[in-house]
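I'd like to walk you through one fold, so please have a look at the screen.

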Amino acid sequence: MLEGKAIVGETDMLHKMQQDALHLAAKALDIFEATESTDIARFIKKDFDRTYGSGWQCVVGTDFSSFVTHCHGCFIHFCVGSLAILLFRGAVNQADEANLLPNFEALHA
């Protein structure tokens, strides 16, 4: 496991969910090497899907940027050593989704 305490950068999760995310990251780092970022992300995502419902996304790495839309209360970005972890539940505005559907159908007609 990477030594050091997790440092939360941004979050809007309830404290319990934050603790679950940090605990899962520590557990994943006990199981996988820090270089196995896909396995770490899969481990965290699957557990959050099981515990909090489907739709969770997880990105793990040492150098990435992001700009995501997420459900309120379902976002955390934290670091453990040099490894950054982004965990969020995706969201789509229903009005926007309704406007996109006709364009999608027209493109694929």
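Predicted model: local features only at pLDDT ≥ 70, side-chain atom pairs only at ≥ 80, totals over all residues.

Helices (H or I, at least four residues) and strands (E, at least two) are DSSP runs, numbered from the N terminus. Residues are numbered from 1 along each chain as its sequence is written, and side-chain values use heavy atoms, with hydrogens and water left out.

Let's start with the overview. The protein chain has 3 helices and 4 strands, and from the N terminus on they follow the order β-α-α-β-β-β-α. There are 109 residues, of which 28% count as buried; buried means under 20% relative accessible area, exposed over 50%, and partly exposed in between, with a 1.4 Å probe and protein chains only.

The 4 strands form an open sheet in the order E1-E3-E4-E2, with antiparallel pairing. At the edges are strand E1 (7-11) and E2, each pairing on one side only. On average, neighbouring strands of this sheet are turned by 15° against each other, direction ignored. For that and other angles, axes are lines fitted to C-alpha atoms, for helices over the stretch in contact, and angles run from 0 to 180 degrees between N-to-C directions.

Let me go through the pairs. E1 and E3 are antiparallel, with 4 bridges, and Ile7 has Cys79 in E3 as its bridge partner. E3 and E4 also run antiparallel, joined by 7 bridges; here Phe78 stands opposite Ile85 in E4. The hairpin of E3 and E4 has 2 residues between the strands, and Gly81 takes a positive phi near 60° there. Finally, E2 and E4 pair in the antiparallel sense over 6 bridges, and Gly61 stands opposite Ala84 in E4.

Why is E4 described as largely enclosed by the rest of the structure? Because 6 of its 8 residues are buried.

Contact, by the way, means heavy atoms within 4.5 Å. H2 lies across E2 and E4, running at about 155° to E2.

So what sits in the middle? The largest nonpolar core has 21 residues, and those with the most contacts inside it are Ile44, Phe48 and Leu87. The elements giving two or more residues to this core are helix H1 (15-31), H2, strand E2 (56-61), strand E3 (70-80) and strand E4 (83-90). H1 gives the most, with 6 residues. A nonpolar core here is a set of buried Ala, Val, Leu, Ile, Met, Phe, Trp, Tyr and Cys residues joined through side-chain atoms within 4.5 Å.

Let's pick out a few residues. Beyond its neighbours within four places in sequence, Leu87 is in contact with residues including Met13, Ala21, Ile44, Phe48 and Trp56.

Leu24 is found in helix H1, and it counts as buried because its relative accessibility is 5%. Leaving aside neighbours within four places in sequence, Leu24 is in contact with Phe43, Ile44, Asp47 and Phe48.

Is Asp20 buried or exposed? Asp20 counts as buried, because its relative accessibility is 18%. Beyond four places in sequence, Asp20 is in contact with Phe48 and Tyr52.

My last stop is Asp49, in helix H2 (residues 37-52). A polar atom of the Asp49 side chain lies 3.3 Å from the backbone nitrogen of Gly55. With neighbours within four places set aside, Asp49 is in contact with Ser54, Gly55 and Trp56.

That's my tour, and I'm happy to go back to any part of it.

Note on methods
Polar contact = N/O pair within 3.5 Å; in protein donor to acceptor, adjacent residues only side chain to side chain. Pairing = 2+ DSSP bridges.
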